[in-house]
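Reader: I would like to learn how to read a helix and a strand in a model. Please take me through it.

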Amino acid sequence: MAADVRQAFLGSFFHTPTYGSFEYLEDALIEVDAGGVIARVVREDDPRHDELVRAYHDSGVLVELGQGRYGLPGFVDLHVHACQWPQAGIALDEPLDRWLLERTFPLESKFADVEFARTVYGDLVRQLLARGTTTVVYFGSAHLDATVELARACVDAGQRGLVGKTVMDDPTANPDYYRDASPRKAVEETAQLIREVEAMRPDAPQGVWPVITPRFIPSCTDEVLRGLGNLAAEHDAYVQSHCNEGQWEHDTVLARFGKEDPYALRDFGLLREHSIMAHCTFLTPDEGALFAQVGAGIAHCPISNAYFASSVLPVKRLREQGVRIGLGTDISGGFSPNMYDDIRQAVMASRMLETGVDAQRPEPERGSGDARISVVEALYLATAGGAEALGLPVGTFEPGRAFDLQVVDTCLPYADLTGFGVFDAPEDRLARILYLSTPENIRQVYVQGRRVIEK
Ligand SMILES: [Zn+2]
């Protein structure tokens with residue numbers, strides 16, 4: 001029993017240390033140190049296993065998952081508009097311009113009220129944790145004070161948060177009642193956010209980071225994009241934005257700069273290592289190579305893409321190009337706060353991309369061919385893939401990674417996932433969890449070794 005181990009978890013765990021396959025750790029013992037980091041994984045066939053289990057049990061630090069329960073890594077959600085949470089599931093039948101002008105901007109503008117922000121953000125952080133999401137990259141509203149509240153909500157609830165104040169300063173592209181007053185003010189407030197969030201670090205062992213957050217190029221002036229790029233270099237800070245989401249964005253940026261979105265972002269200093277760019281569905285092979293070269297990551301938002309991107313991200317091609325890809329719910333362009341829904345949609349969308357969808361077209365012309373991803377690959381995107389995009393040691397149960405765990409109970413009376421034991425190989429159990437589990441099945445959630453949800 002190692003001296004620095006503070007807790008040990010005994011149970012059966014699924015994770016995806018490499019893309020394309022999973023590992024099943026049956027009756028394994030995971031030792032977690034005082035910092036909430038995995039010290040060692042002791043497998044069932046290890047000769048020390050039983051003796052260690054007894055020792056941890058006797059010293060009162062053993063946590064047993066229990067029969068029919070499985071541990072999965074906490075999810076990494078790379079793209080959430082926290083200030084759109086009150087409209088999740090609303091108005092998705094509207095065209096994008098009406099969705100933005102009549103719903104989204106009026107809603108986001110309400111976050112000038114810090115009290116309202118505190119209520120909404122506290123609820124969202126708890127709801128995401130309760131669905132197994134332990135790390136989240138958030139867009140706040142365009143308000144500094146509300147965005148500081150969002151970071152505080154993550155710190156208080158024990159969630160690992162990466163938080164940005166949305167910048168949207170172009171008076172010709174944004175409503176007067178909801179935009180940054182000037183490029184200078186937007187850059188100053190972003191610098192202030194960096195200072196305020198970094199000051200929260202001592203209270204957040206799980207980590208909290210500021211993110212430089214231009215909404216997307218069409219809502220920002222050149223001056224603010226340059227200013228934010230300089231700030232990113234100066235602070236070596238995370239950057240997030242939307243990139244190449246749809247035809248309109250693609251054409252607008254091309255007309256303005258004579259170059260595509262990714263090159264424009266790069267030239268403003270915003271496409272950097274661990275920058276998180278949402279959607280990217282229009283990325284060409286050359287642009288994929290650019291992402292791989294600079295180490296920028298993609299937040300793949302398969303549900304939202306079905307509504308607003310009018311295309312499917314070619315995950316398989318981009319992964320083969322070496323691009324880092326994770327999943328995002330994109331609340332509220334995506335309706336669901338549940339990453340399991342995005343795992344499922346990522347698989348289904350890839351199948352439709354491969355085979356096509358219009359049966360009236362000749363079969364060879366219907367789809368792109370060779371695009372499908374498996375549900376295990378989608379799990380990788382939701383965990384280790386997101387971790388890779390952010391450069392954070394989370395997403396798997398390997399020594400040196402933060403211990404972020406969701407405990408899935410497969411034996412609940414109204415949410416049974418046992419399949420009557422007919423198909424009971426580990427891959428069948430995992431597939432049933434990924435396709436069929438509901439928030440009810442998630443009974444406990446840990447972040448950095450600390451229990452934050454107990455149902
Ligand atoms: Zn978005």
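Reader: Which residues of helix α4 are buried?

Author: Buried means under 20% relative accessible area, exposed over 50%, partly exposed in between (1.4 Å probe, protein chains only). In α4 the buried residues are L144, A146, T147, V148, E149, L150, A151, A153, C154 and V155. Ten of the 14 residues are buried, so α4 is largely enclosed by the rest of the structure. Helices (H or I, at least four residues) and strands (E, at least two) are DSSP runs, numbered from the N terminus. This is a predicted model: local features need pLDDT of at least 70, side-chain atom pairs count only at pLDDT 80 or more, and totals for chains, interfaces and linings use all residues. Residues are numbered from 1 along each chain as its sequence is written, and side-chain values use heavy atoms, with hydrogens and water left out.

Reader: What do the buried residues of α4 pack against?

Author: Contact means heavy atoms within 4.5 Å. The partners are α3, β7, β8, α5 and β10. After α4 comes G158, with a positive phi near 85°.

Reader: Which strands pair with β11?

Author: Two strands pair if DSSP finds at least two bridges between them. β10 and β11 are parallel, over two bridges. I212 sits opposite V239 of β11. β12 also runs parallel to β11, joined by four bridges. There, C243 has H279 as its bridge partner.

Reader: Is β11 enclosed or open?

Author: Six of its six residues, 238-243, are buried, so β11 is largely enclosed by the rest of the structure. Y238, Q240 and H242 point one way; V239, S241 and C243 point the other.
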